[in-house]
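Take a look at the model below and keep it open while you read. We'll walk through its strands, helices and rings one at a time.

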Amino acid sequence: MHRRLIAPGALAASLVLLAIPASAADFSPGAPGAGDPYYPDAGNGGYDVSHYDLRLKYQPKTDLLEGTATLQATTTQDLSRFNLDFGLKVSEVRVNGKKAAFAKTGEQELEITPKAGLAKGSSVSIVVRYAGKPSEVKIHGFTAWQRTPDGGVAAQEPESSAWWFPGNDHPRDKATYDVSVSVPDGTQAISNGVLQSQSSKLGWTRYNWRSNKPQATYLATLAVGKFDITTDKTENGLPVLNAYSKDLGDNAGAARASIERTTEVAEWLEEVFGKYPFNALGGYVPNVPTSFALETQTRPFYSPKAFANGSNVSIVVHELAHQWYGDSVSVENWKDIWVNEGFARYSQWLWSEKEGEGTAQELADYVYANNAADSPFWQVKPGDPGPDNQFHIAVYDRGALALQALRNEIGDKAFFRILKGWPKDRAYGNASVRDFVTYAEKASGKPLSALFDTWLYQAGKPGKPAATDAGVARSAAAGAVAKPKSWKKIAATNSLHDHEAGAGHAKGHDH
């Protein structure tokens, strides 16, 4: 762009020109993806959403979901059109009150063309009216919506929102939520955050939920069905709400015995990670055939099969740890999954240590010794595992091993200071693996790049010199280290890694 001097006589005319908006030619479409190397079509460019207001009606008998979604957003470029990620049939779109043209493109793109271009930095209100049966909508060959005998559930990772509301479906664009759901009397609707109100009229009951801190789209959840609900408050006054499907069968007792300890676990995690970052606590167990669990914000989702072998508080520890590591501090890109899963797994090791069932050091020794050098386990790089291995067991166990190596390198005082400082420093934002390495180096005053490179980025089992330096080489012989008492319960969460959706896309596991 060329800059030139303005002569005094032309000043008045130039001020008039400055008031004229850029021509339509200066406006361009927002990108149809957020630029994530693992999932190129996930999310969108050109705008940031600050709030979702979802007003829904769901009929369990037919799986019909009707909705009006209102998105408050700010443009990040001069936009001629933009995309939302969505799969259901749309009947009308309005942008700033005016009807907008729309079309479905690609697997999940709702392409919206407003009547006029949207200038960079503008506040934009987007209203989308829609209806459809989420369980029948396939994106990349699967649906993230699970039917249940008495309703339906939205819970998946890395994508789940496109089956029940239009949005910018990437963790980098976090927003607050109001979710209002009308369901037949006798049926409940469970979502994130705090239940603001509930009312009944003409055979339908409406539930109004609010999640008041930034939340990634995949962490938004909805469960409709018939639940037994328990409520309580923590000593600090946080509302606790747990919900259990009325037809969990033999798994009902074990599920309750685990999830009713949510408050206890959260209070312990506050000692490890600092103040709980959200406005509510809880969990829910719908009657679904899957076997995974997911850290849906403030109210984790648990499959009944997670408790098929009895109670397992370790699963609850894992999902609640994610409220700090994964929910409050979210991935920058999906390749940074270690900043979620490595820490959630390590929290299970710390719980084992607290319960006297095996220290984190003993668990690290066991993981190192029990995975042979030629095992595929060591070929996965937790720092950038690739989309097909994003939820591989190595991201969890080798990822936790990296944290034990860090703990041994810098000492407990600095290590636990980092575990608290990181989620406080990055609260409600996003971060990469490299961001954490930089933070740990600054907080500890030690160069740590080589350590993290060995444990997160190098294919192959670290040799005995590196393992000795990391304090995890009591024996190089597989099986020579005693199995910690907690291993069975921690390993029980490993079976929850089974892929129950499209390969290389949404995964079902103990996220």
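Strands and helices here are DSSP runs, numbered from the N terminus: a strand (E) has at least two residues, a helix (H or I) at least four.

Before going on, a word on the source: this is a predicted model, where local features need pLDDT of at least 70 and side-chain atom pairs count only at pLDDT 80 or more, while totals for chains, interfaces and linings use all residues. Residues are numbered from 1 along each chain as its sequence is written, and side-chain values use heavy atoms, with hydrogens and water left out.

Back to β8. Which way do its partners run? Strand β2 (residues 64-75) is joined to β8 by ten bridges and runs antiparallel to it. Strand β4 (residues 89-95) is also antiparallel to β8, with six bridges. Y130 in β8 stands opposite G67, and V90 stands opposite Y130 too. Two strands pair if DSSP finds at least two bridges between them. Strands of a sheet pair through backbone hydrogen bonds, either parallel or antiparallel.

Now for an open sheet of three strands, in the order β3-β7-β6 with antiparallel pairing. Here β3 (82-85) and β6 (101-105) are the edge strands; each has a single partner strand, so one side of each has no neighbour in the sheet. Ignoring direction, neighbouring strands of this sheet are turned by 30° against each other on average (axes are lines fitted to C-alpha atoms, for helices over the stretch in contact, and angles run from 0 to 180 degrees between N-to-C directions). Four bridges connect β3 with β7 (residues 109-113), and N83 stands opposite E111 in β7.

Another open sheet has four strands in the order β9-β10-β15-β12, again with antiparallel pairing. At its edges, β9 (145-148) and β12 (188-191) each pair on one side only.

## What the record says

UniProt, in an unreviewed entry, lists "domain: Aminopeptidase N-like N-terminal" for residues 50-219. That span is 0% helix and 57% strand, and its end C-alpha atoms lie 15 Å apart. The unreviewed entry also gives "domain: Peptidase M1 membrane alanine aminopeptidase" for residues 310-455. This span is 61% helix and 3% strand, with its end C-alpha atoms 34 Å apart. UniProt positions follow the numbering used here, feature names are shortened, and annotations may be inferred rather than shown by experiment.

## A covered helix

How many of the nine residues of helix α4 are buried? For α4 (residues 313-321), it's nine of nine. Buried means under 20% relative accessible area, exposed over 50%, and partly exposed in between (1.4 Å probe, protein chains only). N312 caps the N-terminal end of α4, with a side-chain oxygen 3.0 Å from the backbone nitrogen of S314.

## Rings meeting rings

The structure holds 34 aromatic pairs. Rings of Phe, Tyr and Trp (its six-membered ring) pair if their centres lie within 6.5 Å; planes under 30 degrees apart count as stacked, over 60 as edge-to-face and the rest as tilted. Here are two of the pairs:

| Pair | Centre to centre | Angle between planes | Kind |
|---|---|---|---|
| F273 and W324 | 5.8 Å | 55° | tilted |
| W422 and Y439 | 5.6 Å | 65° | edge-to-face |

F273 lies in helix α3 (residues 262-273) and W324 in the loop between α4 and β21 (330-331), so this pair ties together parts 51 residues apart in sequence. Both F273 and W324 are buried. W422 belongs to helix α8 (residues 412-425) and Y439 to helix α9 (residues 433-444), so their pair ties together parts 17 residues apart in sequence. W422 counts as buried, at 0% relative accessibility. Ring pairs link a cluster whose members include F273, W324, W422 and Y439.

Note on methods
Polar contact = N/O pair within 3.5 Å; in protein donor to acceptor, adjacent residues only side chain to side chain.
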